Amino acid sequence: MSDAAPTPPKRRLWIILGFVLVAALAAAGWMRLHVDSSLEPLLPEKSDARKAVLFFRDSSFASKAVLWLRLKGDAPVSELYEAAEKAEKQLDPQLIKQVFRPPQESDAMDQAMSLLDRAPELLNEKDLAELNAGLTPDALKKRMRECYVQLTRPEGSFMQTIIRKDPLGVSARILGRLYALTNSMGFKVEVKDGRLMHTDGRQMLLAMETSSTATSLASSHALMDNLNKIAASAPPNVEIIPICAQIHTAQNQQLMQRDTHLAGTVNGIVFLLLFFIVSRDWRVGAVFLLPVISIGITIGLCALVFPNLSMMVIGISLTMAGSAVDYGIYVYTAVTMGKNSATDMRRIWRPLVISHLTTLGVFLALVFSAIPAYRQLGWVTGASLVLSLLSAMFLLPRLVRPGGKILLLGSGMPLTRWGKLMIPAVYIAAIVLAVSIFFATKTKFDTDLSHLDGISATVRQNEADFQKTWSRGDVEMGLLVVAGPSAEQAAEANDAISRIASQKFKEGQFVSLGSFWPSATTRHANVARWKAFWIPDRVAKLRADLAAAGEAYGFAADAFDPFFQIVTNPQTDQPPPPMLATMESQFTAKAGNEFQMLDSFPDTAENVETAQETIRDHPEAQVVSRRALGQAFATAASSETRLLVSISGIFIALFLLALTRSVVKSLIIMLPVLMGIIAMLGMLAMMGLSMNVVTVVAAVLVLALTSDYGVFAAYAWDNREPLLGQGMASMHLCALTTLVGTGALIFARHPALLMVGTSLTSGLLAGYLTAFMVIPGICKLIDKRPAPAVSASVLLGLMFLLTGCRSDPFQRPPLPALHNPDPAQIRESFSHATPDHFTSDDTVIIQAPFRDDMAVLGVLNVDRNAGTFELYGLNHLGVQFFHLGGDPSKIEIRFAVPPLMEQKEVLLSMARDTRSMYLDLNPPPNSNTSIGRTEVIYASKTADGTLSYEFGGEPTVLLEKRLDSFWGNKWRVRYFDYRPQDGKLFPRGIVMDNGHYHYRIIIKNRDWSAEQQ
Amino acid sequence: MNKLPGLVSFFSALLVAALCGTTRAQAPSPATQPTSALVQAPLELITHVQKQLSTVDNVQADFVQIKNLVVLKHKLTIRGSFAMQKPDKVMWNVREPVKYAIRVEGEEVRQWDEDTNKVQIIHLGGDPTFKAISQQIQAWFLGNYKELAQSYDVYVLGNTPLTLRFVPRGNTMLGKLVSWIEVTFGPDERNIDKMQIHEAAGDTTVLNFTNTRLNQPIPKQTWEIPPR
């Protein structure tokens, strides 16, 4: 902590050396820093989400783009073709690798028919088995009838070629598979004049493979500009619409840039206003600069460990500067208001550290995440928060001028009065909380990432129109991607998976290029099988049987010669049909040196499950679909959320309990967090929005920031500050500076940023209002006598437990600053000022939860030298209720009326409390001392916990004595209104709060007299 | 084991573009076509035919289709009837040598045959085969001959009755399948009396339409599937 005294030169040298070393290391880190703007670090390791996104990043599949050309009015189709030719010439060859050209339909027909000649290669084992089953005379007779009927149909003339090559009706399934493949593209495309035309003949597509992927910002922008330019220069009768994923990337980036500029401008203006209105002290700049410098140093240091730092990590780290600024504000207000920065820092270190640790707990939890970027975020932000705190505690006090002025700081009504006024707010908050919980339970997790897509309305409409115009159905297609180091190996792996898939998927749901054109290995195996099957005897028998079966319908003797030509002379190792090259552009892809086969299926829940089951034991395969990706993100987000909440919850609980030593105070501090999170979820539900990956991060930030408000408010109450006292004013400033930033995002156009703005603003606002209004109200309520009606409510049930937050029946005037206090001297003086042996007459009021107050007349006799005491409790008629007593070795109930004896443990506790109140009033000589501006605290460890004595005032007397354990105050006694009598000082009011039984003893002294020794 | 839908769909979808589409004029007619002795149909004549056909809202007729196919030892004679109602309703009913019927109405196709005695319902969007058939029939009987003239060279073979020969243009799929199509119109050029398709492989199909009724109420049972 800062010290008012100058730092010794040697120590200063070490500090400077240390700083130079850290700065040098940070600079070295910055030199090797590489900012990773890709999505990769954001994806959980070994997850399906990661696989899917990396597929889109790396695969040539994602580099496709389309120009959709459509005729306006009655313009002739020739204009469409001319526009397409012109557009093609305008394509930037740096960006467009190739334009896909389907074969001429005349060639396609030839190629399709020639596929029947390749039946030996393309028919698999199952096909051959079915073919074998069709060789019986009855089956052949039936088949000849079918062929004859086909010839009588309108399309009959065109069927002849096929029937001649495939009298058994098996080879034609090759064409069926080819058709299924073209259908699986999911578009109403017809090939006309070597163009991809719509069935209406007035629209066409220019499909292209680009050299740009959707994950590359620069090339996405370049491609979007090129395509937009082509669209803008379309002829008057033709409309050209670009469709590609890269437009999404470019537009999202543009929109985010615009929104962040807006938010940055608003933030800047508000900070300037705050500067001029609130402080006008240039030193306030240090409050905002120190966290930024800390983050700069941390990023440099972390770059030594993580050379590839995620852009998101840097972005959120900078956002978290908002939380780190809170420390600075708290220190700035404390030091500015005070006269001695060392004393001020001693006074505020505890809330400051609590505020820090609650935030740090969240980011420490991130270190355990499966997401690399989250781990980086945990380290970077955690370290920067620590640095920010250290700079706020040790550096900032040296920069800030004590005794300065901050607008309105220190003014306003006392918090106790404010708390009274805010009691209704507690009930309102309880109602709001209930309503928010109701809505929050309705919040769902949205797995559809397209809802975070910031494309323009025009692009969105274009894509909807495109889907409506060209898509065959409403269901999108999913992909099953099979990879291999070579095209053939990928095809072989794909054959294996296709065989499994064909058994698991419903018929017609799974389409694979392999089902039509399998790998060379499979084709060779098919030919070998074919040859083995068609032994000469079988061929001769079929020829005879077929002639016999066809005779009834007049089939010519040579009608099926083309088929027998195929049977006896199967083709092997012929070049693939040219159409395959076109097909491969749709059903294969490449990622680096890896070859990929792309199988497709309708993207339904059932099919996604089947696909995932199919590839369970095939690490070379993955499922890529909108639904699967959404599920993968949801799974990842869900497991991450569980992990983060659990670990950060444990951290926060441990930190809070360790520092506050009070469960109750910890709960109060976390109240704004609870309200903030619940209100955030409720607001999302009320606005019809859902939780998603963005709001999970927002929730983490709400948790981190609102806990600060709780700390500041709780300690402001404890210190009996005015409404705009140092703690509360710090909270107002922290909330204002943060809310302005998040509030600006409410006007964001990008849905993800809008979501962030809405989530953060609602959460932070609720947290801030809770800290500002509800915490004082609750503290005040706890102070009031519990009424049965009130005690019925759950909220007040909690409040009755909050003994650490009760206000006092006695008022203590503001404590004067101590001038060079000497702890030993204070002990000594106080020891002399207190009577050793005395008798006092008191009114003793006992308050307990759920019970009426009990007032008795107390007669107390204390001998501090002997360590003995006796307390008589009498009613107003002088009838004795109880008689308690004790000495250094024991305490006992010497008498109690029967009803009170039923509460023997409570009476014994009261006896112990009496001893704590009146005996051992001087701290042990070996106590640790802490000197504040207005108080001196002595603390010593005992077997039961930490025993603390707080001295202050003029003359300096014992103000408070308490025993703290891990779970909070065991007991706390405060002394008020010391009055001199016979050269001694005696408190006129004493309040004892018992943390075990949650009762309070109030002693109002009426008279006392010293006993002569 | 009827695998035809997939098979037919594939090339019928391609075929329909060639039959009905409006393609650009490309290469000149194949040299193999006997065009030198024929007279090119003037645009006025085509406009006239189209104008006459445009007065037709519905057609009913019987047909006899004679196919000379290399796969069969004999000529295949098919008898039946057909009906067509603008804008998109077509019935093709085969009575001999097998019973078969197909009805296209908007996007829905129903077909029936006596062997299976089942009505199969298909949507045009899901199978372009029947769309192609429907479009072909409508193109020839009610279609836009001006557009057809962009895909074919049209020659006049005779004026009484008017007989036109349509020779597919360019290296199209249709050109590979069909050498030419001859259409003989009725007396007032409002209907087709005869249609001959000469395939490139040498097969021929002749369709003779009789008992043609234009713009007369079509009995409800005409559209029934299975047919009565």
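Start by selecting residues 137-152 and 156-165 of chain A, which are helices H7 and H8 of this predicted model. Helices here are DSSP runs of H or I with at least four residues, strands are runs of E with at least two, and both are numbered from the N terminus. The axes of H7(A) and H8(A) come within 7 Å and cross at roughly 145°; axes are lines fitted to C-alpha atoms, for helices over the stretch in contact, with angles from 0 to 180 degrees between N-to-C directions. Show side chains for Cys147(A), Gln150(A), Leu151(A) and Thr152(A) on H7(A), and for Gly156(A), Met159(A), Gln160(A) and Ile163(A) on H8(A): these make the contact (C-beta atoms, placed from the backbone, within 7 Å).

Residues are numbered from 1 along each chain as its sequence is written, and chains are lettered from A and ligands numbered from 1 in the order in which they are written. Because the model is predicted, local features need pLDDT of at least 70 and side-chain atom pairs count only at pLDDT 80 or more, while totals for chains, interfaces and linings use all residues.

Next, select residues 663-686 of chain A, helix H27. Its end C-alpha atoms are 33 Å apart, in agreement with the 34 Å that 24 residues should span at 1.5 Å a residue (1.5 Å times one less than the number of residues). A kink of about 40° lies at Met670(A), shortly before Pro672(A); the bend is the angle between axes fitted to the seven residues ending there and the seven starting there. Of the 24 residues in H27(A), 20 are buried, so the helix is largely enclosed by the rest of the structure (buried: 20 or more other C-beta atoms within 10 Å of the residue's own, with C-beta atoms placed from the backbone). Just after H27(A), Gly688(A) has a positive phi of about 75°.

Move to residues 284-305 of chain A, helix H12. Its 22 residues reach 33 Å from first to last C-alpha, close to the expected 32 Å. Leu290(A) marks a kink of about 25°, shortly before Pro291(A).

Now colour strands S10, S11, S9 and S12 of chain A: in that order they form an open sheet with antiparallel pairing (strands pair if DSSP finds at least two bridges between them). S10 (588-591) and S12 (621-624) are the edge strands, each pairing on one side only. The twist averages 30° from one strand to the next. S9(A), residues 477-484, pairs with S12(A) over four bridges, and Leu479(A) has Val624(A) as its bridge partner in S12(A).

Finally, select chain B, which has five helices and 12 strands. Of its 228 residues, 39% are buried.

Technical notes. Buried ≥ 20, exposed ≤ 12 C-beta atoms within 10 Å, placed from the backbone. Contact = placed C-beta atoms within 7 Å.
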